[in-house]
Amino acid sequence: MIIFEESFSKVNWGPDEAKGDSQLRKYFVKIPEYEGIKSGDYRYIIGRKGTGKTAIIEQIANEASSEYNSFVKYLSLRNFPIQTIRELKDRSLGNKSQFVPIWTFLILTELSKLIVSDSSIEKTESVIDLKNFIKINFPSNLGFAETLRNLKSNENKVSVIVKWLGFENKSAESKEAITTVHFQKASEILLNLIRGVNSSCNFYLLFDELDEGYSANDKNLNLLLLSLFRAVENTFLDLKDIINIRPVLALRSDIFNNLEDNDLNKLDDFIINLKWTKEYHASYSIYDLINARINASINVEDPKRAWEQITFNNDKNIPNRINNLWEFIYNRTFERPRDVIKYMKYCAKQNPSGKLDFKTVRKAEIEYSEWFYREFRDEIQSHLPIWQEATQAFIKLNKGVITFDEIQKELENDSRIVNYLTNNNKNHEDILEILFEFGLIGTLSDSNRWFFKYKDHNLPFNHNQKMIIHFGFTRKFRMKVY
């Protein structure tokens, strides 16, 4: 006999970060394009912080680890020696092209390590040569950060066997001698060797945490990221008909949108833009994602309506203009899985007995609003140095709905904001547009319909309309909106 449970406190909502989440397999919700990512049809995952990019990367790694014919390498920019890769650029090339050769070498090196780790692969001469290349140059099998450091210490050169250079007039003995070449020449050698590999296995290269140390004003860092996109795509196109190379690159949408390059549009068919919805049983449904977490922890009578089973979704204490508990919570998020899950965890901290009610949700909102503000800070601070001063201007007005003239006057009262505008040749609209871009404010039409950028990525900021503070910040800002 199945025993059904209706206690909200019994649900395990999981850790804040998907990376290393040992329970992810139990409640991961596949997006419609998920199988396309695994097959190589999609290679770039773009989304705001907390939209599930890392969860997708982790799930691919989880599945690959249990598949006999899949090999995976997780590549991160965490603790990555950015300055070293800058020093290894090709100065004979322009702009982003300067960094494509070094990224290409790093990608080919990591791919080679994956290939030779397959003990079932046919031992062709190319495979044996790849093993020798790795053994000679990277015996420790560390990540590409260590590869960079080795390159720098060896003056941009790696060791190769003379025969790989294709010299026909050398003696057999001299062909086996070891010499050094520039890493760009080594990339050519690696490409040729990989073309001689006979394997039906899948080789996943998963790029994540590319926002480490990011600053919107660092143009060189933008070039580095652009060149990484180019190198990933070039390598995929060079080898897709030879082996099953599966690169997957995840990047925050605010960083991606800050990259200026016409070539990015050519990648549109291979890009997934993560955008979730509150709708029930739809593609990208956060409701389904929450149900999956509930069902992974407890048994409910109707798994498809698990949320309703453990909450008083139609609690009579909910304000009249709000339809239900789910809508109240959802309207205080940026429509991201992490936001909703975090709210659930703060609700659980209130130790509700039985089903979750509106009173508990209101108590949890205080801590959640503080967290939500910190998440906003982590995203915006690399784009707007005076983000905190600008935010304080809204707090001082202590109004949920504000006109442009009101906020302009308040911004002018802060000398740091005034200096920022003067020194950077910007105006008040520029500040408000960035705050609109990151969801602190939305606009309010004459018919009282509100518009937020996170709901429509193509929505322009209209300073002629009134501005509304996002509900997720109101408790942090001590504003009353009910």
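User: Leaving aside its neighbours within four places in sequence, which residues is Thr311 in contact with?

Analyst: First the ground rules: this is a predicted model, where local features need pLDDT of at least 70 and side-chain atom pairs count only at pLDDT 80 or more, while totals for chains, interfaces and linings use all residues. Numbering starts from 1 along each chain as its sequence is written, and side-chain values use heavy atoms, with hydrogens and water left out. Contact means heavy atoms within 4.5 Å. On that basis, Thr311 touches Phe8, Leu325, Lys355 and Leu356, its neighbours within four places in sequence left aside.

User: Where does Thr311 sit in the chain, and is Thr311 buried or exposed?

Analyst: Helices (H or I, at least four residues) and strands (E, at least two) are DSSP runs, numbered from the N terminus. Thr311 is in the loop between helix H13 (306-310) and helix H14 (325-330). For burial, look at relative accessible area: under 20% is buried, over 50% exposed, and in between partly exposed (1.4 Å probe, protein chains only). Thr311 has 3%, so this residue is buried. Its side chain also reaches the backbone oxygen of Trp307 at 2.9 Å.

User: Let's zoom out. How many helices and strands does the protein chain have?

Analyst: There are 20 helices and eleven strands. Of the 482 residues, 54% count as buried. The C-alpha atoms fill a box of roughly 90 × 70 × 35 Å, taken along the principal axes. Among contacts between residues at least 6 apart in sequence, 70% join residues at least 24 apart.

User: How do I read the open sheet, and in what order do its five strands come?

Analyst: Strands of a sheet pair through backbone hydrogen bonds, either parallel or antiparallel. The working rule is that two strands pair if DSSP finds at least two bridges between them. Here the order is S2-S5-S6-S1-S7, and the pairing is parallel. Strand S2 (70-76) and strand S7 (271-273) stand at the edges with a single partner strand each, so one side of each has no neighbour in the sheet. Neighbouring strands are turned by 15° against each other on average, direction ignored.

User: In which sense do S3 and strand S4 pair?

Analyst: Strand S3 (residues 157-161) and strand S4 (residues 178-182) pair in the antiparallel sense over five bridges. Ser159 has Thr180 in S4 as its bridge partner. Four of the five residues of S3 are buried.

User: What about the largest nonpolar core: how many residues does it have?

Analyst: In soluble globular proteins, nonpolar side chains tend to be buried together. A nonpolar core is a set of buried Ala, Val, Leu, Ile, Met, Phe, Trp, Tyr and Cys residues joined through side-chain atoms within 4.5 Å. The largest one has 91 residues, and those with the most contacts inside it are Ile290, Ile294, Trp307, Leu432, Leu435 and Ile441. Helix H16 (residues 358-380) gives the largest share, nine residues. A second, separate core of 72 residues includes Ile115, Ala145, Leu148 and Leu226.

User: How many aromatic pairs does a search of the whole structure find?

Analyst: Rings of Phe, Tyr and Trp (its six-membered ring) pair if their centres lie within 6.5 Å; planes under 30 degrees apart count as stacked, over 60 as edge-to-face and the rest as tilted. The search finds 32 pairs. Phe376 and Phe473 have ring centres 5.3 Å apart and planes at 75°, so this pair is edge-to-face. Phe376 lies in helix H16 and Phe473 in the segment after strand S11 (466-469), so the pair ties together parts 97 residues apart in sequence. Phe376 is buried at 1% relative accessibility, and Phe473 is buried at 0%.

How values were computed:
Polar contact = N/O pair within 3.5 Å; in protein donor to acceptor, adjacent residues only side chain to side chain. Axes fitted to C-alpha atoms, helices over the stretch in contact; angles between N-to-C directions.
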